Amino acid sequence: MADILVEAREASLVYGKGTGVVEAVARATCTVEAGDRIALVGPSGSGKSTLLYLLAGLERPSSGQILWPPLGDARFVSPIVAGFAFQSPNLLPALTAIENVAVPLLIAGVAVAQAHETAAAMLARFDLVDVADRYAEDLSAGQAERVGLARALVCRPSMVLADEPTGQLDGSTATRVIDRLLEAADDSAAAVIVATHDERIALRFRTRWTMRHGALETAS
Ligand SMILES: Nc1ncnc2c1ncn2[C@@H]1O[C@H](COP(=O)(O)OP(=O)(O)OP(=O)(O)O)[C@@H](O)[C@H]1O
Ligand SMILES: [Mg+2]
């Protein structure tokens, strides 16, 4: 059996209070192992983004557990363990594209010159050389989305979580971006989980997880 990177045990996340309570994820149990290729599908509002946040340590479960065996007792999931590409890219507007991609490397302690060189190579992978020095707020939605993916991958994390990474892209660009994402993941033997509404993209992943009203089904 491959190494387990993250495990959810009956993990739930409840948003809101009183009559406004939403159980966005309900008792999810799953594991992600090294090399996994998982498509996370399900209707809008079914809890896909919330499950990805839990698996990446960006949200804490209201009940149940999320465990990262490679981290032992550490509470911070570093960008070396999990790279996250957000559904809306969440780039830092005051930084350029290349600076945004370099940020996780700088957090991980890489020197500035090396971080920029590595960030430039990752931008090139996603056909973004021409916009490397453009401020994030001046990028198109599709460019910003690809910068977000480059940022998620730049530390060669053990696990990449991408939340609808092609939502702003035309069909052929989307195919190319998924090719590049999978190539980059293969290079670093990373697991990949992609939330998507695009059936053509979901079909490229070996494993399919489905969310319905917060409930996760992992049987293929
Ligand atoms: N910060 C929040 N506060 C309150 N409710 C929230 C919050 N974030 C999400 N929700 C609710 O939790 C549920 C799951 O949302 P989530 O964003 O995980 O769904 P999703 O499957 O990713 O949807 P989409 O396909 O539209 O991105 C929804 O009912 C949503 O309204
Ligand atoms: Mg979502």
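Buried means under 20% relative accessible area, exposed over 50%, and partly exposed in between, computed with a 1.4 Å probe on protein chains only. The model shown is predicted, so local features need pLDDT of at least 70 and side-chain atom pairs count only at pLDDT 80 or more, while totals for chains, interfaces and linings use all residues. Side-chain values use heavy atoms, without hydrogens and water, and residues are numbered from 1 along each chain as its sequence is written.

**View 1. Glu199 and Arg208 form a salt bridge.** A salt bridge is a side-chain nitrogen of Lys or Arg within 4 Å of a carboxyl oxygen of Asp or Glu. In this pair the closest N and O atoms are 2.7 Å apart. Arg208 has a relative accessible area of 27% and is therefore partly exposed. Glu199, at 40% relative accessibility, also counts as partly exposed. By the rule given here, the count comes to eleven salt bridges.

**View 2. Glu183 and Arg125 meet through their side chains in a salt bridge.** The N to O distance is 3.8 Å. This pair links distant parts of the chain, with Glu183 in helix H5 and Arg125 in helix H3 (residues 112-125), 58 residues apart. Helices are DSSP runs of H or I with at least four residues, numbered together with strands (E, at least two) from the N terminus. Glu183 is partly exposed, with a relative accessible area of 38%. Arg125 counts as partly exposed at 23% relative accessibility. Salt bridges that share partners join Arg125, Glu183 and Asp187 into one network.

**View 3. Arg9 and Glu7 meet through their side chains in a salt bridge.** The distance is 3.2 Å, N to O. Glu7 has a relative accessible area of 18% and is therefore buried. Arg9 counts as partly exposed, at 39% relative accessibility.

**View 4. Helix H4 and helix H5 are roughly parallel to each other.** The axes of H4 (residues 141-153) and H5 (residues 171-187) come within 11 Å and cross at roughly 5°. Axes are lines fitted to C-alpha atoms, for helices over the stretch in contact, and angles run from 0 to 180 degrees between N-to-C directions. Angles under 35 degrees count as roughly parallel, over 145 as roughly antiparallel, 65 to 115 as roughly perpendicular, and the rest as oblique. From H4, Arg146, Leu149 and Leu153 make the contact with Val177, Leu181 and Ala184 of H5; contact means heavy atoms within 4.5 Å.

Definitions and conventions:
Chains are lettered from A and ligands numbered from 1 in the order in which they are written.
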